[in-house]
Every structure is written in structure tokens, then in C-alpha cells.
Protein chains: 2
Amino acid sequence: MFRRSARALLSLWHTGTMKAANLRARVRAEMTEEIKQVARRHLATDGANLSLRAVARDLGMASSAVYRYFASRDELLTALIIDAYDAVGSTAEQVAAAQADPAERWVAIGHAVRDWALANPHQWALIYGSPVPGYEAPQDTVVPATRVIMLLAGVLRDALAEGRLTSVPEQPAGRFGEEMAAVAAHFGPGVPAHLVGATMYGFVHLCGAISAELFGQLNKSIDEDRRGFFEWQARATAAFAGLA
Amino acid sequence: MFRRSARALLSLWHTGTMKAANLRARVRAEMTEEIKQVARRHLATDGANLSLRAVARDLGMASSAVYRYFASRDELLTALIIDAYDAVGSTAEQVAAAQADPAERWVAIGHAVRDWALANPHQWALIYGSPVPGYEAPQDTVVPATRVIMLLAGVLRDALAEGRLTSVPEQPAGRFGEEMAAVAAHFGPGVPAHLVGATMYGFVHLCGAISAELFGQLNKSIDEDRRGFFEWQARATAAFAGLA
DNA sequence: CTCAGCAGAGAGCAGTGCTCACAAAGGAGA
DNA sequence: TCTCCTTTGTGAGCACTGCTCTCTGCTGAG
């Protein structure tokens, strides 16, 4: 059977814009992307119980053929998870870049992440909800997973460098304080542990606030102005971190 | 087939400690409880993908017999969810009752919830993780679901009444402030909106912190003293709410 | 003592993830 | 150009799932 993408790539081949050695690989990449796209659509409509067979049916292919591209359903989910992390990460990065003031940047990052989550609730559940049964996050996911928290840390680090941190949270003491100091050392020399603590605090609250909203914990209390409530909370975590 | 519970109840019946009118109903209740118990065990070991057939197998009965007690898998899950809400709620209430100082009570509630979550991670995921696909929380769950947040609100209300709130968060403004005021009115006359705001802020953070820890978001940063980190956060939300 | 209702069994349906043997088709080397 | 060999797709099949249906005994109630 001729797939649309394959045909498009063949036309590229005939116009001579592609090497023969790459053809197969690129068709494969296209097909992989197409599967992920359909899977994302299914995720958005049918919820989290993604069916490989249904995806294959939608693509007009045998279910067994999908296994040529993903060794298992878990592997497909892993790919979707990585993509999701990258999607939130990149939109947050774009929004952050547009805000000069540290506090405003902090809040804008929050809004960006929340907006993405509201637009892609099932993908949010995939990455920040309960882990899929029996699913252990592979190494490939850890780097994309850190993009948002790195952004938040960057806001505080920049503000610190510019002397714009007006206050500082209580110094993390004890063993966890040492662990934070170790993380801070990875971040650069002279980064204090409380900066890492405030970052994690803000990130934890960010995820909690979005999940609470998305998973229905706010029902029957804040139903209209959830955005306003979210911003109120984001400004609170910003203040805790020392942003004006 | 004679079930153990049925036999036990029959002995009760023979000693005359039970009314005949109740026998059937009580055997049924025992059986229902037994199913839930085995389901919880399966949940704890096999993860979230609870199999009704496997539960039935463990009980030595046909899978179709389980449907005499629960109309569907979703209904079983709902029952487990209600039980889970009640379990966290009651342990938190017990712990809270033992702490006189408001700030300490706030932190103790947090620890109690966290301890329960660490001991029953899959049940935590059931109630605070991503909602089960296609699952809409029935009305029966809303009251048990509020027990923990009610506890937190109670701490602040008592502290306010005793004049022990040392500070107050920024007044919630705009539409969400009105919604909070409406919730506060339900709580009693003279309860300020910021008290509701602080409660929700603390609860959101509590859930976020526990989920982050449980779902692996803290891996490779805080690995040893997570309890310390949690307490540091809990004291921060307490301070935000105005508890010394 | 009869009888309705309840709890169980077991077959069966449609769906799932995944495996395997097989077939076509195309790129690579002779 | 012709032959291989890898890649990609098929369809049957296995073991499992949730759920429904019919049938059968037991038992509590009248």
C-alpha cells in the first residue's frame, strides 16, 4: 500500500532533492511521525487508554505493522511523553524570552505551561499525572523533562545576578539542604541552595495547581476565574522566591 | 461454594446474635468488602490497571459473579476511591486532633497525608493522579474528597478565631476573589476570602508535593531527605497562610 | 412447604497487546 | 542488469480483558 507520506517523499526523490541512502530512513521517520500524530489524536479524544490497534486502524494498516516502528505500546507512549515535554518546554521558553522583568517572566512561564496543559490535558496527564502502570521512565525522558524547571531556575539565577531578589526563603537546613546545595553546584558557582529550593517549590506548586485544575479538584469552588486564581498563586510563589 | 465470610456469619446466626432479616444483607456487605480488599491488594502490587477477572480468580469465583456486587469495573474503582478518600481523611483527622499549635497542626496534617500516600501510592494515584480514562467522579465521592482540605481550613479558621494569624496573604481580587468569598460564606460568617485562598494554596501545594515525590519528579535531585524537603515546603505554605 | 429471588457458574462476544510465519518490494552489490 | 537481503506490511493466532447472557442451585420469606 502506498502511504501519502511515502508518495510525497518519492516525488522529492524524483526531483533529485534527496539522496537514495536517506530515502528509506526519511520515509520511516515520516511514518513514525504519522503514527505519533494519530496516537496523539486518539489520546485527545478517547482518553489515556491508548489502543495501538485503533491507531493502526485509523492509519489503514495492520496492527502488527505498527510494531515495525514501536516495539511496544509503552515505547509509543514514551515517544509521546518526550514530545510532550518538549512541547511544553519550548512554548514556555518562547514566552519566557519575551518577558524582561523577572517576576513577570516567572508568572508568564506559569501561564504558558497552564495554557498548554489546558489545550492538551491528556498529554499533561501523560507527563505529570500518575505514571502509566508498570511504566518506568526511560533515560531519554529526563533531559526534556527538566526544561520547564530549568527555565524557572534561570529566572531566579538571573534575578540574583542582577540583585533583584528582594528577599530569600528560609535557608534549607539538614540533609535535604545539602542535597539542594549539590544541585545548586551543578548550576554554577555561587548559586545558593535556597534558590534551588525556591525553584522546586515553585515548580511543585505549578504542577500541583495545574493538575488540581485539570483533574477536577477545584470543581464547585473556583469555576469561573481559574486563571485569576492561578495567577494569584503564581505571584505568591514568585514572592516566596524573592521576586518583587 | 461456602465462602469463609459467609460461614463466619452463619455461626453468628446460629448463636442468635443476628437477625434473620439482616443475614443476606450482611453476607453481601462482607463479600463486597472482601472484593474491595483483594482489589486493593492487586492495586498495590500490579499497579493501576486493575483486572476484575484477576480479582475474581483470587477469590476463587467466576468473574461474572463479581458483577453481582459491582455493576462495572468503574463502580469498583469508585468504591475504592471513596474508601481511599476516607482513609487519608481519617488518619489526617486523628493526627490533627493531637496537635494544639496551629502551625504544628498544619505541618502534621501534611506529614500524615504524605505518610499515607507513601504507604499507599496506588491509592493516592487513584484519587489525586490523572483521572481514570472516561471516568467521571460520581456525586458520592465529593464529600469524602473534602475531608483533608476541610481540616486545613479548620486550622486557619481556629487560628484566626484565636487571633494567632500573624500575617495575611494578598487579598484575592477580581472574579476569583468573589468565588472565594462565596466559598468562605459557606464556611461561616466573617470568614475572609484570603483564608479560603490560603487553604486552597496549601492544599494544592500539598497534593503537588506528594505527587511530585511519588511520581518521580524529584528523582536525581532530592533522593535522601525528601521528608525534610516536604516539611520545609509545608512550613512555607503555613507561613504564607499566616501561621507563625 | 412452597416459591421467588439471589448468588454463583460458564459460555460467549468484542476488544486488547503482542508474536509469528509469510509475502511483496525495493535498495545494494556483483 | 540481475540477484540477493533487508525492510515493511499482512493475517492468523494466543492469552488476556470487560461485560452480557442463560442456566442452576440454594435459601430466606411468606
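Chain A exposes about 11600 Å², and carbon and sulfur atoms supply 53% of that area, where accessible areas come from the Shrake-Rupley method with a 1.4 Å probe and, for residues, only the protein chains shown count as cover. This is a predicted model in which local features need pLDDT of at least 70 and side-chain atom pairs count only at pLDDT 80 or more, while totals for chains, interfaces and linings use all residues. Residues are numbered from 1 along each chain as its sequence is written, chains are lettered from A and ligands numbered from 1 in the order in which they are written, and side-chain values use heavy atoms, with hydrogens and water left out.

Of the 244 residues of chain A, 51% count as buried, a term for under 20% relative accessible area, with exposed meaning over 50% and partly exposed lying in between (1.4 Å probe, protein chains only). The secondary structure of chain A comes to twelve helices and zero strands, taken as DSSP runs numbered from the N terminus (helices H or I, at least four residues; strands E, at least two). Among contacts in chain A (heavy atoms within 4.5 Å) between residues at least 6 apart in sequence, 70% join residues at least 24 apart.

Between chain A and chain B, about 3800 Å² is buried, and carbon and sulfur atoms give 69% of it; buried area here is the accessible area (1.4 Å probe) that two parts lose on being put together, summed over both. On the side of chain A, Phe176(A), Tyr201(A) and Trp232(A) lose the most area to chain B, together 20% of what that side buries. The contact takes 44 residues from chain A and 44 residues from chain B.

Two salt bridges are counted between the chains, each a side-chain nitrogen of Lys or Arg within 4 Å of a carboxyl oxygen of Asp or Glu. In a salt bridge, the side chains of Arg175(A) and Glu224(B) meet at 2.8 Å, N to O. The elements that give two or more residues to the side of chain A that touches chain B are helix 7 (121-128), helix 10 (174-187), helix 11 (193-214) and helix 12 (226-241) of chain A, and helix 11 gives the most, with ten residues.

The structure holds zero disulfides over all chains, a disulfide being a pair of cysteine sulfur atoms within 2.5 Å. The two cysteines below are too far from each other for a bond.
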